[in-house]
Every structure is written in C-alpha cells, then in structure tokens.
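Please read the following report alongside the sequence and the coordinates.

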Amino acid sequence: MTIARLSDLADLSACPLLVVKVGSSLLVGNDGVRRDWLQGLVAEIAAAAARGQRIIVVSSGSIALGAARLGLDRGGRGSLADAQAAAAVGQIALSGLWAELLGIHGLTAAQLLLTLEDLEDRRRYLNATATLTRLLDAGAVPVINENDSVATQEIRFGDNDRLAARVAQAAQASAVLLLSDVDGLYDRNPSDPAAVLLPEVKGVTAEVHAMASGGSSSGMGSGGMTSKLQAAEIAERAGIALAIASGLHDAPIARATQQGVGTLFLARRKDAGRKAWLGGRLRLKGALVVDAGAARALSRGSSLLAAGIARVEGEFQRGDAVAVRDEAGATLAHGLAEYDAVECARLMGRQSGDHAAILGYAPRSAVVHRDQMVVL
C-alpha cells in the first residue's frame with residue numbers, strides 16, 4: 001500500500017515502519033529538557049507500537065544538553081571542540097532520558113551513534129542495516145543520533161534530517177516524519193502573510209528548493225528547510241515518503257496524521273538496495289562532467305563512456321563514488337568509477353578503440369557501468 005496522505009503514517013498496513021526525527025529545539029528549551037512534551041511524544045510512539053507499527057527515533061539534542069551542563073556559550077556550537085565535548089556529555093543524558101520514558105510504556109530503547117562514513121561506506125552501511133533489523137525484530141526502539149563527539153566538519157551529516165532519511169533507507173522504512181519548529185514547506189518565507197503551506201509535494205524540483213531557507217529558526221539546531229528538502233530527495237528515490245510537521249504542539253504525531261497539518265513528500269520510485277544507497281550518498285570523491293550527447297545516453301539507461309566526458313574533477317580511485325554532471329552543473333547520476341581520476345583524464349573524449357593504446361592494458365567496457373550507476 002502506497003502512502004498518499006499524512007493519515008497513512010498512522011496506518012499499520014501503509015506504514016509498518018516509521019522513522020520519527022525530533023529536532024533539538026523541541027527537546028531542549030530555555031529552561032532545559034521539555035520533559036512534559038517529550039512524555040507526550042513517547043506516549044504517541046508507544047501507541048504506534050501497540051497497534052503493530054515499528055518505530056525508529058532519530059533524536060537531536062545531545063549538543064544542546066551537554067552545553068547546558070558544561071556551561072558552554074552558543075549552545076555548544078562555538079567551535080568544533082565545544083560541540084564534540086558537549087555531545088560527549090549530552091549523549092549520556094539524552095539516551096538515558098529516552099530509555100527512561102520508553103521504559104514507562106514497557107518499551108526497550110537501543111542507542112545507535114552513527115557517523116557519515118557508517119552510511120557512506122557500503123560494508124558499514126550493510127552492518128548498520130543488519131543491526132537495525134535485529135533490534136526491530138527483537139521489539140526494541142532504536143534511538144539514533146550522529147556521533148558528534150567524533151564527527152568533524154569535513155566528515156559529518158551536520159543535521160539529523162538527512163541522517164533520518166539515510167537511516168530510513170538502511171532500515172527499509174515506509175516513511176519518515178521530521179518533527180521541527182515549522183508546520184511544513186511554505187511556497188515562500190513563512191513570515192510573509194501571503195505564504196501558503198503546501199500539503200503535498202510530488203518530487204523535489206529546483207522550484208521547490210527555491211522556496212526553502214537555510215537556517216534553523218530556533219538557532220539551537222543545525223538543520224533548516226534546505227536540509228529537509230535534501231532529506232526528502234534521499235527518501236523519495238528510495239520509495240520512502242517523507243513528511244515535515246510541527247513539533248511545537250502537544251501530541252504532534254496526532255496533529256499531523258489526524259488534522260493533516262504538514263507537508264507530505266510522495267515517494268517517486270523505489271531503487272534497488274545498492275542503487276538507493278548510491279543515490280542517497282552525501283559524500284562523493286569527484287565528478288565527471290559530460291557533454292550533451294552523453295547526458296542523453298544516460299537518460300536512456302546507457303553506461304558512461306569516455307568519449308562523452310568533457311572534464312574530470314577531484315581525486316578518486318577505481319571503485320569510488322563519483323557524481324556525473326552536465327556542463328551546466330546539474331547532477332545527473334551517482335556511480336562507481338571503473339578508472340581512477342588520472343586514467344579518466346587520459347581517456348576523456350577518446351573512443352573506446354583508443355583506450356588500450358593509451359593505457360597499455362585491455363580497457364574496461366565503460367568509465368561508469370550502468371549497473372553501478374543510479375540516474376537521479
């Protein structure tokens with residue numbers, strides 16, 4: 001059964017596995033943890049579990065909690081060292097809070113701390129998938145956060161919106177619900193009195209991205225509408241619906257599913273496991289810029305041949321994930337390179353019959369084979 005409306009997120013037949021992401025500003029207020037609100041949310045999670053749904057929680061808040069306990073300025077985000085220290089302290093408090101409140105309802109919490117590399121590396125991604133599957137089979141509620149105590153500026157998600165979408169992909173969830181400090185996606189800045197909340201989005205386009213603003217309105221979190229749209233793109237390519245709804249109200253899941261207040265991004269297609277992982281990657285080692293003829297061939301399902309490559313960007317090795325872009329800068333595909341960057345630069349623009357003489361060995365059939373590529 002396909003998810004077609006917000007109410008489907010509370011329907012076991014349509015949504016047997018739901019990922020719920022909770023933002024920092026919802027968990028932590030000026031006076032500390034918003035415990036009463038969180039108790040209400042946990043009660044909703046328990047009700048979903050009672051009707052047979054499996055729930056994964058992606059919870060922000062460790063940096064904000066740790067910063068309060070350590071007395072750090074700027075919510076612990078003044079420097080990378082502050083953020084890492086705050087996360088190390090706050091993660092204990094955050095996991096303990098979830099375990100306590102879920103335990104009241106007879107549910108077992110399981111903590112997973114993930115880094116970007118855990119979901120970008122194929123083997124580690126499969127390991128995370130296996131752990132999530134076993135926990136869910138055992139009846140636990142996984143509570144996931146980015147491992148901010150070791151993440152760096154260069155190798156990190158930086159927000160839990162995209163982490164939630166990647167976790168949903170790994171767990172083969174039906175839908176993601178991003179609880180935030182906004183009702184959903186508006187057609188312009190929500191501060192504009194003429195702004196209209198969009199109840200449904202069919203495909204995240206350039207026009208949809210133009211409606212977004214980058215920052216977190218609370219100043220406490222690290223995400224904004226832009227990161228939520230990026231999460232929606234990851235989800236929709238994996239056949240997963242994604243909703244944005246406000247968590248500023250009591251019983252926020254019921255408000256979204258029963259009153260229909262929020263924005264639902266419909267799933268567009270369901271790529272196979274490996275291609276979904278490729279399409280959702282956030283960190284690529286380089287790029288291959290292709291001419292118009294190659295771009296047309298890719299859209300028809302062809303492999304990428306060297307003759308169509310106009311430029312090589314970055315440093316990458318054979319087997320690394322790269323972007324394939326057109327000459328206007330639009331990303332057309334993600335794929336695994338069959339040659340390293342130096343070899344690609346030597347081969348670009350040349351016909352396949354020339355490759356053996358250029359390289360000194362029998363060439364491979366393509367620079368990026370269609371079986372190792374997902375067209376976006």
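Predicted model: local features only at pLDDT ≥ 70, side-chain atom pairs only at ≥ 80, totals over all residues.

**Domains**

The domain assignment divides the chain into domain 1, residues 6-268, and domain 2, residues 277-375. The contact between them draws on 15 residues from domain 1 and six residues from domain 2, and the C-alpha centres of the two domains lie 34 Å apart. In an unreviewed entry, UniProt lists residues 286-368 as "domain: PUA". That span is 24% helix and 28% strand, and its end C-alpha atoms lie 13 Å apart.

Val368 lies in the loop between α14 (355-359) and β15 (373-375). With a relative accessible area of 0%, Val368 is buried, and, residues up to four places away in sequence not counted, it touches Leu288, Ser303, Leu304, Val322, Gly335, Leu336, Ala337 and Met373.

**The open sheet**

Eight strands make up an open sheet with mixed pairing, and their order is β5-β6-β4-β1-β7-β9-β10-β8. The edges are taken by β5 (108-114) and β8 (200-201), and because each has a single partner strand, one side of each is left without a neighbour in the sheet.

Strand β6 (residues 140-146) runs parallel to β5 and is joined to it by seven bridges. Within this pairing, Leu112 has Ile144 as its bridge partner in β6, and Ala110 stands opposite Pro142. Strand β4 (residues 54-59) also runs parallel to β6, to which two bridges join it, and here Val57 has Val143 as its bridge partner.

How many of the residues of β6 are buried? Seven of its seven residues are, so that the strand is mostly covered. In a regular strand the side chains alternate between the two faces of the sheet. In β6, Ala140, Pro142, Ile144 and Glu146 are buried on one side, while Val141, Val143 and Asn145 are buried on the other.

Helix α10 (residues 252-259) lies across β1, β7 and β9 (241-246), and it runs at about 115 degrees to β9.

**Annotated binding-site residues**

UniProt, again in an unreviewed entry, places the feature "binding site" at ten positions that include Lys21, Ser180, Asp181 and Lys228. A further listing under "binding site" (unreviewed entry) gives Ser60, Asp148 and Asn160. Although these are spread over 101 residues of sequence, they cluster in space, with a largest C-alpha distance of 10.9 Å.The relative accessibilities of four of these residues are set out here.

| Residue | Relative accessible area | Class |
|---|---|---|
| Lys21 | 6% | buried |
| Ser180 | 9% | buried |
| Asp148 | 9% | buried |
| Asn160 | 6% | buried |

Each is classed as buried because its value is under 20% relative accessible area.

Lys21 has its place in strand β1 (residues 17-22). Residues up to four places away in sequence aside, Lys21 touches Val58, Ser60, Asn160, Asp161, Ala164, Leu177, Leu178, Leu179 and Lys228. The side chains of Lys21 and Asp161 are joined by a polar contact of 3.0 Å.

Asn160 is found in helix α7, whereas Asp148 is found in the loop between β6 and α7 (160-171). Apart from neighbours within four places in sequence, Asn160 is in contact with Lys21, Val58, Ser59, Ser60, Asn145 and Glu146. Which side chain does the side chain of Asn160 join in a polar contact of 3.0 Å? The partner is the side chain of Ser60.

Ser180 has its place in strand β7 (residues 175-180). With neighbours within four places in sequence left aside, Ser180 is in contact with Leu26, Lys228, Ala245, Ser246, Gly247 and Leu248. The side chains of Ser180 and Asp181 also make a polar contact, at 3.2 Å.

Methods
Residues numbered from 1 in each chain as written. Heavy atoms only, no water. UniProt positions renumbered as here; feature names shortened; annotations may be inferred. Helix = DSSP H or I, 4+ residues; strand = E, 2+ residues; numbered from the N terminus. Buried < 20%, exposed > 50% of the residue type's maximum accessible area, 1.4 Å probe, protein only. Contact = heavy atoms within 4.5 Å. Polar contact = N/O pair within 3.5 Å; in protein donor to acceptor, adjacent residues only side chain to side chain. Pairing = 2+ DSSP bridges. Axes fitted to C-alpha atoms, helices over the stretch in contact; angles between N-to-C directions. Domains from an automatic or database assignment.
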